[in-house]
Amino acid sequence: VYFQHIIVWYRFCFEVHQTGTEHADQVPSPIFSKYSRISCPPPTSVRKTEQEELSTMKRNVVCFIKPDLDTVVAGSLLRAEEALMWPLSHEAPERVLANTGILCLECGGSGRIQEKNFDHHGSQILACATEQAWHAIGAPQDLSILVKYTAAVDTGYTRNAPAEGTLTLSALFSGMRLCHATLAAQFGAGLHLVSCVRIQHLDPNDIGWLPRHNSLARRYEQARQAMHLRLEALSSKAVTIASTPCKVMMLTAEIPGVHGLLRKMGADISLAWNPRRRQCTIAAASGFAHKVHTALALLSPREPGWGGPAGGGIIGSPRGGTRLSLADILACLRAAL
């Protein structure tokens, strides 16, 4: 099995090389990376019929760009922990998307599920990657809560505010990403975290049990708390861009969690700006997504690469950063109101 994986890996490397693309800048060692082959047992809650479905979808290689919650939960449903990981810096080339032996998670091929591509960032309005994966394995109802939660997080729509003292999966996931430096490590650790949630039948709206019984999850929670304190310290620097017809707020920061903070401060639409990476994301509460997509329609002609999940409430700048000035971005957002 060891040598079979080496053969699969080099065969895949050759295929990507044949496309002429340069995706090797973030590739971890396929064998020796700590999380390239994580030993995460399949959740005991998985029913036999789902196990049979999953067995037909085992992939040798899994591609992804950003290990966010939607990408990782989709990977968990499709048993991506059994595959070798290939983080990409851009969308997968066509030859990779057309290869049914490669699982592509949110890295192109929207709508092409039969080719094992799970994405929803094209022009067509599609369900998020997790929902697509869930339907692909037969839509088992014991996973419906996790799937609906992940979809709500990914689209950026308002969810019920967590009760005081509760810890959500999304919050702990953000702490996990702070603790692992590489994309492969984050993806692998994310798969393990989601697997733990599934094994213990935890409600993703409150997984506070996990850090109390798992030292690694406790480390993630400590990292999240430290990040939260840093965010709270920045709250006084939040700026209100507009008050009518909806409240629009902006915060300049280089750490995640800005949209959640601004939402708590009453923002209907929030803008997070990272000047060092020149990255910008704009998120809307439920009922205001159309204004964000109007802003996207104004930004896209000015600079290719702006986008977001079709039908969702969040958009972002090109993956490598934007060339537009913050003033240009704000002008488009104001015009969309």
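Why are Glu221 and Arg224 separated by about one helical turn? They are three residues apart in helix 10, where helices are DSSP runs of H or I with at least four residues, numbered from the N terminus.

Before I go on, this is a predicted model, in which local features need pLDDT of at least 70 and side-chain atom pairs count only at pLDDT 80 or more, while totals for chains, interfaces and linings use all residues. Residues are numbered from 1 along each chain as its sequence is written, and side-chain values use heavy atoms, with hydrogens and water left out.

Glu221 forms a salt bridge with Arg224, with the closest N and O atoms 2.7 Å apart; the term stands for a side-chain nitrogen of Lys or Arg within 4 Å of a carboxyl oxygen of Asp or Glu. Glu221 is buried at a relative accessible area of 12%, and Arg224 is buried at 18%, where buried means under 20% relative accessible area, exposed over 50% and partly exposed in between, with a 1.4 Å probe and protein chains only.

A search of the whole structure finds five salt bridges. One of them joins Glu81 and Arg79 at 3.0 Å, N to O, and here Glu81 is buried at 9%, as is Arg79 at 9%. Another joins Glu115 and Arg112 at 2.6 Å, N to O, but Glu115 is partly exposed at 24%, and so is Arg112 at 24%. Glu94, Arg112 and Glu115 are linked in a network of salt bridges.

Methods. Helices (H or I, at least four residues) and strands (E, at least two) are DSSP runs, numbered from the N terminus.
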